[in-house]
Amino acid sequence: VIVGASLAGVRTAQALRRGGHRGPLVLAGAEPGLPYDRPPLSKQLLTGARDAASLALVGAEQLGELDIELVAGTATGFDPAGRTVRFDSGREERYDALVVATGSRPRPRPPALDRPGVFELRTLADAEAIRRELRLAPAVAVVGAGFIGTEVAAAARHHRLPVTLVDLAPDPLRRQLGATAADAVLELHRDRGVAVRLGRRIDRVPGTGRVGTLELDDGSTVHADLVVVGVGVRPATGWLAGHGVSVEGGVPCTATGRAPWDGVWAVGDATAWRTPQGADAPAAEHWTSAVEQAAVVAHNLLRVPGEWRTHQPVGYVWTDQYEHTVQRVGWAGPDDADVLLAGSVPGRRFVSVAVRDGRVVAGTAFGFPAALPRLRAAVRAGSGVDGLRGELAGPGAPASPAGATAMR
Amino acid sequence: VRITVDRSACELHGQCVEREPRVFRFAADGSLEHPAEADESLRDGVADAQFLCPTQAIEVAP
């Protein structure tokens, strides 16, 4: 039984069948319709470049062929001793193996923003609601300058709407992209006409009905008929609470994907995986780790412990910002230096890297996908900075990726 | 296994290159290269690459 018809859940189901699992396979989803891919929700779905039907991760036909039983239901609890999981529909499923793939949900909005006209973006229904609102040509405020927030701001500018981007932090995106690339993303937004207000809190939203004005903590006001809040996510693991394990930060897993209850595994945003060395894996609530974990868990479920694989993430995240794709490999800490290594920041095509003790631990390719293989190899190997700089600048260096921007 | 990549969907994330470099690779000009057909022994890697593609641009046929 796989709980959560998310990317991680669907890929686990598909990989189990590919790996030769012949027994019954239940995939329980909390949302109506076919499982879908989330990254386009804050990108092409909002600009109109793609519609909802194009986001399906798996068709009804393939579910039939693979004999995957997709059932509608939100899990409300489970019994690790009796090996059953309960759903809000009243349905109860017995399992031999349970895969937790319930993902995450948005962090609660600031109380001042608990008003009509304020939206979070997590589900297809959320994205479609925001798209409908964008058609009404509102003034838009985005709260939270993370990946979701900046992508929504770009989509709103695509529709030529006035946009204000507000974040409590003076330096958003730095943890995710490094200082050089984070600043470049924010500068890009300013260039495209977004009013960027950093280090600002929303103090008050006057009135009682639909949102219209935001009062910031410096006394200034922002006009907004539509507010989208993107202030991060939390694992959606409440249904697993009460069984002796803290799940607030995600289901604790070993690097094999095994959860602390017999027969229970976990994949995707709902997890807190450990590295093979036993350390806490860096927060990796991202698309690629979900797919990689799904492959590992499906592999392990079908094999004896001696043949189990572990998940050894390098870490990969991307964001689309207007016509630029920004790709991040690896994880940096707050004390790592962030260095421009190749290309040009004003030219919006560059590679910046996080350096610890002279070694590359993470890096960002900004509008420069051709640099990615070398960057990834350097991060994986912990290469010296000068070596990578030479590779990116010297003979045989990646040329301008002609296809990269035209392909959008 | 026969492989096709939808070039209008590919955004050069390079996940396929990472997972199965024996089939997928970046050319010197930064474009993605792959043979139209790969050996049966590479099926698992190709299938993983298909799953790992963020834009689902890879099609695999028997």
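Helices, of at least four residues, and strands, of at least two, are DSSP runs numbered from the N terminus, and in this predicted model that numbering places Gly4(A) in the loop between strand E1 (2-3) and helix H1 (7-18) of chain A. Gly4(A) counts as buried because its relative accessibility is 9%, where the cut-off for burial is under 20%. Leaving aside neighbours within four places in sequence, Gly4(A) is in contact with Gly9(A), Leu27(A), Ala28(A), Ala101(A) and Thr102(A). The C-alpha atom of Gly4(A) is also separated by 6.8 Å from that of Ala30(A), a residue 26 places away along the chain.

Within chain B, confidence is highest in strand E1 (residues 2-5), at a mean of 96, and lowest in strand E2 (residues 25-26), at 88. For the complex, the predictor gives an ipTM of 0.85 and a pTM of 0.92.

The two chains meet through 21 residues of chain B and 33 residues of chain A, and the area buried between them is about 2,100 Å², with carbon and sulfur atoms giving 51% of it. Of the area that chain B buries against chain A, Glu11(B), His13(B) and Phe51(B) supply 30%, more than any other three residues.

The polar side of this interface comprises three salt bridges found by the rule, along with seven residue pairs in polar contact, both residues of each being at pLDDT 80 or more. A salt bridge joins the side chains of Asp48(B) and Arg18(A), with an N to O distance of 2.6 Å. On the side of chain B that touches chain A, helix H1 (15-19) and helix H2 (43-52) of chain B each supply at least two residues, and H2(B) gives the most, with five residues. By residue class, that side of chain B divides into nine nonpolar, six polar and six charged residues.

Methods. Residues numbered from 1 in each chain as written. Chains lettered and ligands numbered in written order. Predicted model: local features only at pLDDT ≥ 70, side-chain atom pairs only at ≥ 80, totals over all residues. Heavy atoms only, no water. pLDDT = per-residue confidence, 0-100. Contact = heavy atoms within 4.5 Å. Buried area = accessible area lost by both parts, 1.4 Å probe. Salt bridge = Lys/Arg side-chain N within 4 Å of Asp/Glu carboxyl O. Polar contact = N/O pair within 3.5 Å; in protein donor to acceptor, adjacent residues only side chain to side chain. Nonpolar A, V, L, I, M, F, W, Y, C, P; charged D, E, K, R; others polar. Buried < 20%, exposed > 50% of the residue type's maximum accessible area, 1.4 Å probe, protein only.
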